[in-house]
Structures are given as C-alpha cells and as structure tokens.
Amino acid sequence: MQPIIVSRRIPSYLVGLGILGFGVALVIAALVGVHLRSASASTPPILVKMVDMPATFQPAQLSIKVGDTVEWKNVGNSVHHASSDPSTAVNPSEASTPSGAKPFDSGFLQPGQSFTYTFTVPGTYKYICAPHETSGMLGEVVVK
C-alpha cells in the first residue's frame, strides 16, 4: 500500500477566483459607501419652530417637494404638539391629510425636543398643536 500524499498547494484557478471575489467585494463596498455618504449629505430638514408667545408654528405655512423632511422643534418653555390627525383636534376640520397619506403626530414635545416627518404624498396637510389649537396654533404644509 502506498502512502497518500496530501498537497498543501491551492490550485491556481482557486487563487484567481479568490482574488476576483475579493475585488468584487471591494467594488461593492465602495459603491455602498458612496451611496451612504450621499444619503447623509442630503438636504437637511426644513425647520418649523414651536413658540410660546404667541403660541404659533413659525413658519405657519410651508410649500415643499415630495420627499422633503420637516422638523418641528419646540423652542418654547411649554409642551407643544404637531398632528394632522383630525381625531386629536378640538375642531377636526383644522387637521387633515391628502388622500393616500397617513396622518403624522409628534406626540407631546417637551422644551428642546423635536419631531421629523418625511412627506411622500403630495397635497395639503393641515395640522394643530393640541394644547394650543384654541389659541390659534395651526399650521399647513403644501407638498408638490
């Protein structure tokens, strides 16, 4: 019986495939990195300040494009809220979303807190601040 000789040499075609696979992985990683950098370098949110005296959204009316993000920031000293859900409003006609869009709701924001929402459906969004709706704290976003 002859001894079995095991070669520790890797066939050259496997070495070539490994190098090719590593190169493809590097190219994919570079492309994903470029995509992630471009996404993080996208347009910053459009700021709407929530102020106390008088209780208002500043600006109260916006015109934006589909895909834009709005950030509501409570810059006051009292709790504020932004909601396009009619069920949160004293007067339901003061809050609405266009057909096919889901209402947004920030919940109650303490001073310094913020809420962001990206608009994906065109149309007019009317929203309220629940604690200050009767004081006239109303807003509107028109998405084109």
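E1 and E2 run antiparallel to each other and are joined by three bridges, where strands are DSSP runs of E with at least two residues, numbered from the N terminus just as helices (runs of H or I with at least four residues) are, and where two strands count as paired if DSSP finds at least two bridges between them. Within this pairing Met-50 stands opposite Phe-57 in E2. This is a predicted model, in which local features need pLDDT of at least 70 and side-chain atom pairs count only at pLDDT 80 or more, while totals for chains, interfaces and linings use all residues. Residues are numbered from 1 along each chain as its sequence is written, and side-chain values use heavy atoms, with hydrogens and water left out.

The pair belongs to an open sheet of four strands, ordered E2-E1-E4-E5, in which the pairing is mixed. Strand E2 (56-58) and E5 form the edges with a single partner strand each, so one side of each is left without a neighbour in the sheet. From one strand to the next the twist averages 20°, taken between axes that are lines fitted to C-alpha atoms (for helices over the stretch in contact), with angles from 0 to 180 degrees between N-to-C directions. E1 and E4 run parallel and are joined by five bridges, and here Lys-49 has Lys-73 in E4 as its bridge partner. On to the next strand, E4 and E5 pair in the antiparallel sense, again over five bridges, and Lys-73 has Ser-114 in E5 as its bridge partner.

E3 and E7 pair in the parallel sense over four bridges, and among the residues concerned Ser-63 has Val-142 in E7 as its bridge partner.

Leaving aside residues up to four places away in sequence, Leu-62 touches Ile-46, Val-48, Val-70, Glu-140, Val-141 and Val-142, a contact being heavy atoms within 4.5 Å. The C-alpha atoms of Leu-62 and Val-48 are separated by 9.0 Å, although these residues are 14 apart along the chain.

The largest nonpolar core has 22 residues, and those with the most contacts inside it are Phe-57, Trp-72, Phe-104, Phe-119, Tyr-125, Tyr-127 and Val-141; such a core is a set of buried Ala, Val, Leu, Ile, Met, Phe, Trp, Tyr and Cys residues joined through side-chain atoms within 4.5 Å. At least two residues of this core come from each of strand E1 (46-51), strand E3 (61-64), strand E4 (69-74), strand E5 (114-118), strand E6 (123-128) and strand E7 (138-143). In soluble globular proteins, nonpolar side chains tend to be buried together. Phe-119 has contacts with residues including Ile-64, Val-70, Trp-72, Phe-104, Tyr-125, Val-141 and Val-143, not counting residues up to four places away in sequence. Ring pairs also link Phe-57, Trp-72, Phe-104, Phe-115, Tyr-117, Phe-119, Tyr-125 and Tyr-127 into a cluster, rings of Phe, Tyr and Trp (its six-membered ring) being paired if their centres lie within 6.5 Å, with planes under 30 degrees apart stacked, over 60 edge-to-face and the rest tilted.

Taken as a whole, the chain has one helix and seven strands, which run α-β-β-β-β-β-β-β from the N terminus on. Of its 144 residues, 28% are buried. The average pLDDT, the predictor's confidence in each residue from 0 to 100, is 84 for the chain, and 72% of the residues score at least 70.

Notes: Buried < 20%, exposed > 50% of the residue type's maximum accessible area, 1.4 Å probe, protein only.
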